[in-house]
Amino acid sequence: KLTMLMAGRETGRGAVVNVLDARSRDGAYGESKRALREFTVQAAAMFLDTLRVNAVAPGPVLPPEDVHEKAGETPLGRPRPQDVADAVAFLLEAEATTGCIVPVDGGQGLL
C-alpha cells in the first residue's frame, strides 16, 4: 500500500509526505516500500520548483495503552502514533525541506 499525504494546494506549492517502513521487509511489501523510498528522492528532484516531497519511516509503533509497558525495546522507547503524526506535520510545514526521509523508530535504526 502506497500512502501519500498532500498539503499546500492553496499556495500553489504542494507538499507530499510518503509513509515508508523503518524495518527492512521481504516480499512485495518490502519491495514497494523500497520503491517508494527511491520515488521520494527522485520526485523531490524532479518537482523541485513546485512540490516538496519527503517521507517518514516509522518503526514498530506502540498502541497507546502499551506505552509504559514496552518502552524499553528501543533506545528512546517505541514511538507512539502521535510521534509519527508530529513528524508528518513537521514535513508538511517545513518550507525548506525536500527529499528527506525521517526515521521515527525510537533510535532502533542506530543499533
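Predicted model: local features only at pLDDT ≥ 70, side-chain atom pairs only at ≥ 80, totals over all residues.
User: Which residues of helix 2 are buried, then?
Analyst: Helix 2 covers residues 81-93. Under that cut-off, the buried residues in this helix are Val84, Ala87, Val88, Leu91 and Leu92.

User: Why do the buried residues of helix 2 line one face, and within what arc do they fall?
Analyst: An α-helix has 3.6 residues a turn, so residues three or four places apart point the same way. Looking down the axis of helix 2, the buried residues line one face because they fall within an arc of 135°.

User: Is Glu93 buried or exposed?
Analyst: Glu93 belongs to helix 2, on the face turned away from the buried side, where Phe90 also sits. The cut-off for exposed is over 50%. Glu93 has 60% relative accessibility, so it counts as exposed.

User: How far apart in space are Glu93 and Ala15, C-alpha to C-alpha?
Analyst: In sequence, 78 residues separate Glu93 and Ala15. In space, their C-alpha atoms are apart by 8.2 Å.

User: What is the handedness of the crossover from strand 2 to strand 3?
Analyst: Strand 2 and strand 3 run parallel and are joined by six bridges, with Asn18 opposite Ala55. Between these strands the chain passes through helix 1, residues 27-46. This β-α-β crossover is right-handed.

Note on methods
Residues numbered from 1 in each chain as written. Heavy atoms only, no water. Pairing = 2+ DSSP bridges. Helix = DSSP H or I, 4+ residues; strand = E, 2+ residues; numbered from the N terminus. Right-handed = clockwise from strand over helix to strand, strands pointing away. Expected span 1.5 Å × (residues − 1). Buried < 20%, exposed > 50% of the residue type's maximum accessible area, 1.4 Å probe, protein only. Arc of directions from axis to C-beta.
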